[in-house]
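User: I have a model open and want to go through some of its details. Can you take my questions one by one?

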Amino acid sequence: MYTLSLIGAGYVGLVTAACFAELGYTVFCVDNDKTKIRDLKKGIIPLYEPGLAELITRNRKQKRLFFAGDIKTSVRQADIVFICVGTPSRPDGSADLSAVEKVASEIARSLKKYTVIVEKSTVPAETGEKIARTIEMNKPRSVDFDVVSNPEFLREGQAIKDTLRPGRIVIGVESKRAENVMRELYKPIKAPLIVTNINTAEIIKHASNSFLAAKISFINAVAGLCDRLGADVEKVADAMGLDKRIGRAFLNAGAGFGGSCFPKDVDAFIHLAQQKGYDFELLKTVRKINHDQRLMIVKKIEEALWIIQDKTIAVLGLSFKPETDDIRSSVSIEVIKLLVHAGARIKAYDPQAMPRAQKELKHVFFCKNEYEAADNADCLLIMTEWKDFRSLDLMKIKRMLRQPVIVDGRNILDPDKMRKIGFIYKCVGRGIS
């Protein structure tokens, strides 16, 4: 079986490494963060993902998964090297590919035999060509290599399932030799395999995420209309979703999308289009609608409380979605900053994300649970649809709040039930706001 090296022990790299080890491959997961590697060797996992800690522990015991800080040694042992480093957005929306270039250069100087170098990081089209050029300039003359694009489609909270039982596997190649290696690598996974050239594979990732972002912004635009007409966006989405051409997924109205993928990928796709002379107006509107959802949430709080300044607002949920501790581009974090700027006092709780949020948010009191957050607050704001928040003791919450106000940014509570209990209940697009 192949020996693999994954450069970058972040979210994608760590999950992918653990899953390939589970399939029986020998895997080296490499990162230049010495503290992270030291912690991983001790069994300390730097992120929350259901099932990941157990997967890493099992495969380390089986001597299939190793953590290292030395790219050179791990590359020389590997048949396939994955680039899994971060590609954050620059101010103009383009992807910062400096880490990709640096790692490609280091891989090139370490090559001793034919190796397949796989870009797993989300990158704009034509990045594969630049990686190949960088490796060609820095590698030993006698060594052959191929570059492959193999975009990831992981959903945080379900990443292990998405890796081991994916809906599809996309491979962008420029040689039959590389295609054969990648087909063999993925043989243990039963999923449709799409083989394209590299540019096509790179576009597939951005196009997929941008389309899903567009679905979310579309239903949020419909929600705005529903609020004005006394209609229920949940019923609209349910009926739309029964059309097989549309589907129900990603038609949940709310405070908007966040995370490390959708905002970044929409920006990068817009920027790529501009570079190529195409004005992607549709995606610009998707982005604007999403931004406006944050302002809509603040407006709903103002409608309920009148004045935000000096009010105490309890915020439930800090991660950008449930089942993760990831706060990158979290809508909750952005709304909290708007509320703090408006003079509100914030009490917050999240089952997993508070350690990360404490580094990002100042002047916020972090609570032990949902009820400590609600105690003596003027308003309860739900911003992440954690399962625990769906089953709150609402009578207890009502007794603890100064005012019976709940703003539900994720539409997880029953409006009829809220009215019967006596709450002032603000939600998104359900005709009662």
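User: Which residues of helix α3 are buried?

Analyst: In α3 (residues 52–61), the buried ones are Leu52, Leu55, Ile56 and Asn59. Buried means under 20% relative accessible area, exposed over 50%, and partly exposed in between, with a 1.4 Å probe and protein chains only. Helices are DSSP runs of H or I with at least four residues, strands are runs of E with at least two, and both are numbered from the N terminus.

User: How big an arc do they cover around the axis?

Analyst: Only 95°, which puts them on the same side of α3. The arc is that of the directions from the helix axis to the C-beta atoms.

User: What covers them?

Analyst: The cover includes α1 (11–22), β3 (65–68) and α7 (159–164). Contact here means heavy atoms within 4.5 Å.

User: Where do these numbers come from?

Analyst: This is a predicted model, where local features need pLDDT of at least 70 and side-chain atom pairs count only at pLDDT 80 or more, while totals for chains, interfaces and linings use all residues. Residues are numbered from 1 along each chain as its sequence is written, and side-chain values use heavy atoms, with hydrogens and water left out.

User: Switching to sheets. What is the strand order in the open sheet of six?

Analyst: The order is β11-β10-β9-β12-β13-β14, with parallel pairing. Strands pair if DSSP finds at least two bridges between them. β11 (364–366) and β14 (424–426) each have a single partner strand, so one side of each is left without a neighbour in the sheet.

User: How many bridges join β9 to β12?

Analyst: Four, between residues 312–316 and residues 379–382. Leucine 316 stands opposite isoleucine 382 in β12.

User: And the largest nonpolar core, which residues touch the most other members?

Analyst: Ile313, Leu318, Leu339, Leu381 and Ile406, out of 65 residues. Such a core is a set of buried Ala, Val, Leu, Ile, Met, Phe, Trp, Tyr and Cys residues joined through side-chain atoms within 4.5 Å. Helix α12 (residues 281–305) gives the largest share, six residues.

User: How many aromatic pairs are there?

Analyst: Nine. Rings of Phe, Tyr and Trp (its six-membered ring) pair if their centres lie within 6.5 Å; planes under 30 degrees apart count as stacked, over 60 as edge-to-face and the rest as tilted. Phenylalanine 269 and phenylalanine 280 have ring centres 5.6 Å apart and planes at 50°, so that pair is tilted.

User: Are those two buried or exposed?

Analyst: Both phenylalanine 269 and phenylalanine 280 are buried.
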